[in-house]
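These are my notebook entries on a structure that I had not examined before.

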Amino acid sequence: MYRPLHRPALSVVVPCYNEAACLDLLHARISAAARAAVGDDHEIVFINDGSRDDSWAAMQQLAETDPRLVAINLSRNHGHQLALTAGLDLCAGDQILIIDADLQDPPELLADMRRTMAAQGADVVYAVRRRREGETLFKKATAAAFYRVLDRVTDTPIPLDTGDFRLMSRRALDALLSLPEQARFIRGMVAWIGFRQVPFPYDRAERHAGETNYPLGKMIRLAFDAVTGFSTAPLRFASHVGLALTAVSLLLIVYIAIGWLSGTAVQGWTSTMLVTVVLGAVQMFVLGMIGEYLGRLYIESKRRPLYIVADVAGPIQGHATLGF
Ligand code: UDP
Ligand code: MG
């Protein structure tokens, strides 16, 4: 595991993809907000996620003027969630602010978020979008629908209308980083780790420059990662359909039997219907059983930690793995 030489009071982690036009202002605003909050004892981590514009050059230039800026260049575009993971892996701070590069999330909210964290004794303060400026009706509608569907199908309650903009404690981040899965839906994973998490309502601003890097295709992929990462409901679907079909087929069998007994059934209809109905139900049921096993295999294969310890009171010996 990465062990920093110095643990600054605050790390601000920013994944960037084609954000050259935002970087100067972004850096100035984050710098000012961080300085107001913790003075010089902070770091800003920019991750260049394989941008095709001048983002990397701009970051390097900024890093020359600001010793508190760490710029990281990924080998190619790995996608928002993985770029963010790279930054979270490498940052060293005691508190961690995750923020978008396009200034849709105002860095100036940092002070209030820290106050909320301290006042409520929280480990995570997540920003909830009250309003979204300058986004298309389509984006707003699909986003709203997405968070609600997600909430229905997942077993982990994931806060509605919440992006990755959030303030975290070091222990919450370390817990998050102990989840090794490949398909990462970070806001869901943060919800999964537990600890005290409190909402922080804000109005989402318009993009400062450039355009969204989340076109429909990427949004759909994120939605799939979210649903499949936190729910085996789609796999369980077959067993539910199988059960329903079995119930329906029992009724149908009665109906078919009546037709046969009363002699109104056409020759061959009874046997054909019986085979169709019973086989349909049995197949669905077996598919559902396979789904149940597959779902469990899938959950096992993620190799998530079984639990996360928040605190210990009293002596505890020989448990170095707990990290105390
Ligand atoms: N981003 C990234 N890699 C990508 C796409 C996006 O690092 O492949 C970053 C982007 O620079 C921004 C954040 O992820 O800081 C959110 O992206 P964007 O603002 O385009 O999404 P939207 O706000 O439109 O949902
Ligand atoms: Mg944005």
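**Entry 1: α1 and α2.** The classes are nonpolar for Ala, Val, Leu, Ile, Met, Phe, Trp, Tyr, Cys and Pro, charged for Asp, Glu, Lys and Arg, and polar for the others, Gly among them.

I then turned to the axes of α1 (residues 20-38) and α2 (residues 55-65), which come within 8 Å and cross at roughly 20°. That makes α1 roughly parallel to α2. Axes are lines fitted to C-alpha atoms, for helices over the stretch in contact, with angles from 0 to 180 degrees between N-to-C directions. Angles under 35 degrees count as roughly parallel, over 145 as roughly antiparallel, 65 to 115 as roughly perpendicular and the rest as oblique. The crossing of α1 and α2 is right-handed.

**Entry 2: the model.** I recorded that the model is predicted, with local features needing pLDDT of at least 70 and side-chain atom pairs counting only at pLDDT 80 or more, while totals for chains, interfaces and linings use all residues. Residues are numbered from 1 along each chain as its sequence is written, and chains are lettered from A and ligands numbered from 1 in the order in which they are written.

**Entry 3: α6 and α7.** I found the axes of α6 (residues 170-177) and α7 (residues 186-193) within 9 Å, crossing at roughly 110°. That makes α6 roughly perpendicular to α7. Ala 172, Ala 175 and Leu 176 of α6 make the contact with Met 189, Val 190 and Ile 193 of α7. I listed its residues by class as 6 nonpolar, no polar and no charged.

**Entry 4: α9 and α10.** I noted that α9 (residues 233-262) and α10 (residues 269-301) pack at an angle of about 165°, with axes 8 Å apart. That makes α9 roughly antiparallel to α10. Their contact has 18 nonpolar, 10 polar and 2 charged residues.

**Entry 5: ligand 1.** Which residues are closest to ligand 1? I found 16 residues around ligand 1, the closest being Pro 15, Tyr 17, Ala 101, Thr 212 and Asn 213; a residue is near if its C-beta atom, placed from the backbone, lies within 6 Å. β1 (10-16) and α3 (80-90) each supply at least two residues of this shell.

**Entry 6: the chain.** I recorded 10 helices and 7 strands for the protein chain. The C-alpha trace spans about 90 × 55 × 35 Å along its principal axes.

Terms used:
Helix = DSSP H or I, 4+ residues; strand = E, 2+ residues; numbered from the N terminus. Contact = placed C-beta atoms within 7 Å. Left-handed = near helix turned anticlockwise from the far one by under 90°.
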